[in-house]
Amino acid sequence: MIVRDITPNLVIIYIDNLVDGQTLNEHILRELQQKSYDSPECIKANLSIPEIDLSDLLDEAIQSMVNGTVLIHVEGNSQVVLASISKNESRSLSAPENESQVIGSQVGFNESISTNISLVRRYIISPDLSLEKFKVGKLTNTSVTLLYMNGIASEEIVNSLRQRITSLKLDALIDSAALTQMIDDNSMSIFPQFLLTERPDRFCDSLLNGKVGVIVDGSSMAIICPQSFIEFFQSREDQNLRWQIATFLRLLRFSAVVLSIFLTPIYVAALTFHYEVIPQAFLVPLSESRALVPFPPVFEALLLEIIIELLREAGGRLPTKIGQTIGIVGGIVIGTAAVQAGITSNILIIIIALSALASFTTPSYMMGNVIRVLRFPIIILAGFWGFFGVMLAFCFILIHLLRQSSMGTPYTAPFYPPRLKDWSNSIIRMPLPLTSKRPTSTKAKNKKKYDTEPIKPEKR
């Protein structure tokens with residue numbers, strides 16, 4: 001903390017490295033040294049600082065200094081001048097790393113909340129964009145901003161989210177991912193109820209659809225809610241493609257999810273209990289590939305799944321260039337050596353590789369992690385009870401999804417409860433004129449996004 005006497009009756013106090021040195025020298029020190037001031041009001045009127053205020057509260061002055069404010073004290077006055085010249089260090093804007101797309105915007109959020117809000121305002125130039133700021137964390141005093149479209153977003157959802165944020169009693173809040181686990185409907189569920197995105201275009205599109213967003217200072221991921229299960233498999237790029245291509249890609253992603261979760265368990269169940277479901281043409285090559293394998297199918301599948309997860313985790317933690325090399329070379333070397341040593345069959349390696357590849361098609365990283373974890377208990381159930389165990393796991397997942405909610409809205413919407421109007425933009429994406437209504441699950445005040453009448457050129 002720097003305490004500096006400017007004149008016999010003026011003292012400035014600030015914390016080094018938190019204030020902008022150039023602004024301090026040019027707009028505060030130079031001004032205070034050229035003239036004499038005898039009251040805080042006079043200083044406030046003459047300093048060319050955008051954010052300047054007066055205060056007579058010690059706690060407020062201390063908190064302002066921690067946030068990068070210069071305190072100016074005039075001898076004999078109970079009030080002090082608080083001039084905010086904070087220096088916010090942040091990385092430059094870059095393309096999103098986890099949500100890449102070919103057609104569309106190529107800019108992502110960074111760790112500065114002011115920069116992220118300015119990105120949102122660049123997309124939504126409207127006075128109806130409402131912002132509410134909060135401080136969360138006794139020790140960190142993290143800035144949290146609630147964003148929604150006034151006149152579109154549901155007041156019930158906004159009030160509920162506002163109440164959940166203000167009721168938090170925490171010592172520290174570092175990232176938005178931790179905030180979602182504290183304010184979602186069911187923190188014990190493995191399925192995420194809020195969407196984390198680093199794309200400003202997807203964030204703004206959700207706000208315009210009647211959803212509510214949250215931006216946390218220091219985090220490059222923004223929060224969107226409410227969110228349904230099917231929306232985790234939708235990409236922002238789907239809106240920029242023709243409806244036939246977007247529908248094909250969505251069906252491909254959803255099919256890949258089912259394939260990733262159930263392909264390996266079905267293989268284990270068929271080889272352990274249900275040989276009759278295997279086509280006769282595949283029995284001979286399948287038996288030959290497993291002739292030297294000493295382990296039962298369930299142990300063999302779990303072993304390979306763990307190896308795949310180890311390679312994936314190691315590749316993600318290592319530097320980018322080394323991680324890619326380790327993932328490719330490690331997979332080839334370990335897979336080839338495992339087959340030659342008789343630890344596993346080559347057919348199971350193909351199935352495990354397909355399951356791992358299918359799990360990467362999910363646009364949401366949080367939902368992709370859920371798919372990775374779900375495979376393990378289903379494989380174990382398939383090894384103990386065959387297809388009965390697979391169906392038991394499927395029923396349990398389905399019932400759990402039906403019981404879930406996101407900000408009080410159904411998690412399985414629009415399929416249950418059935419809302420046929422929202423099916424046009426769910427697993428399939430119909431032409432844009434047929435998707436002019438906002439989703440029913442957002443409880444938006446204004447249901448219509450645009451006029452569905454096409455523009456008809458004049459005939460000459």
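Biologist: Is Glu313 buried, partly exposed or exposed?

Modeller: This is a predicted model, where local features need pLDDT of at least 70, side-chain atom pairs count only at pLDDT 80 or more, and totals for chains, interfaces and linings use all residues. Residues are numbered from 1 along each chain as its sequence is written, and side-chain values use heavy atoms, leaving out hydrogens and water. Buried means under 20% relative accessible area, exposed over 50%, and partly exposed in between, with a 1.4 Å probe and protein chains only. Glu313 has 34% relative accessibility, so the residue counts as partly exposed.

Biologist: Which residue meets Glu313 in a salt bridge?

Modeller: A salt bridge needs a side-chain nitrogen of Lys or Arg within 4 Å of a carboxyl oxygen of Asp or Glu. Here the N to O value is 4.0 Å. The partner of Glu313 is Arg372.

Biologist: How far apart are the closest N and O atoms of Arg372 and Glu309?

Modeller: Arg372 lies in helix 13 (residues 365-385) and Glu309 in helix 10 (residues 297-317), so the pair ties together parts 63 residues apart in sequence. Both count as buried, Arg372 at 13% relative accessibility and Glu309 at 12%. Their closest N and O atoms are apart by 2.7 Å.

Biologist: How is helix 4 oriented to helix 7?

Modeller: Helix 4 (residues 113-123) and helix 7 (residues 200-208) pack at about 60°, with axes 9 Å apart. Axes are lines fitted to C-alpha atoms over the stretch in contact, with angles from 0 to 180 degrees between N-to-C directions. Under 35 degrees counts as roughly parallel, over 145 as roughly antiparallel, 65 to 115 as roughly perpendicular, and the rest as oblique. That makes helix 4, relative to helix 7, oblique.

Biologist: Which residues of helix 7 make the contact with helix 4?

Modeller: Contact means heavy atoms within 4.5 Å. Helix 4 contributes Leu119, Val120 and Tyr123. Helix 7 contributes Pro200, Asp201, Phe203, Cys204 and Leu207.

Conventions:
Helix = DSSP H or I, 4+ residues; strand = E, 2+ residues; numbered from the N terminus.
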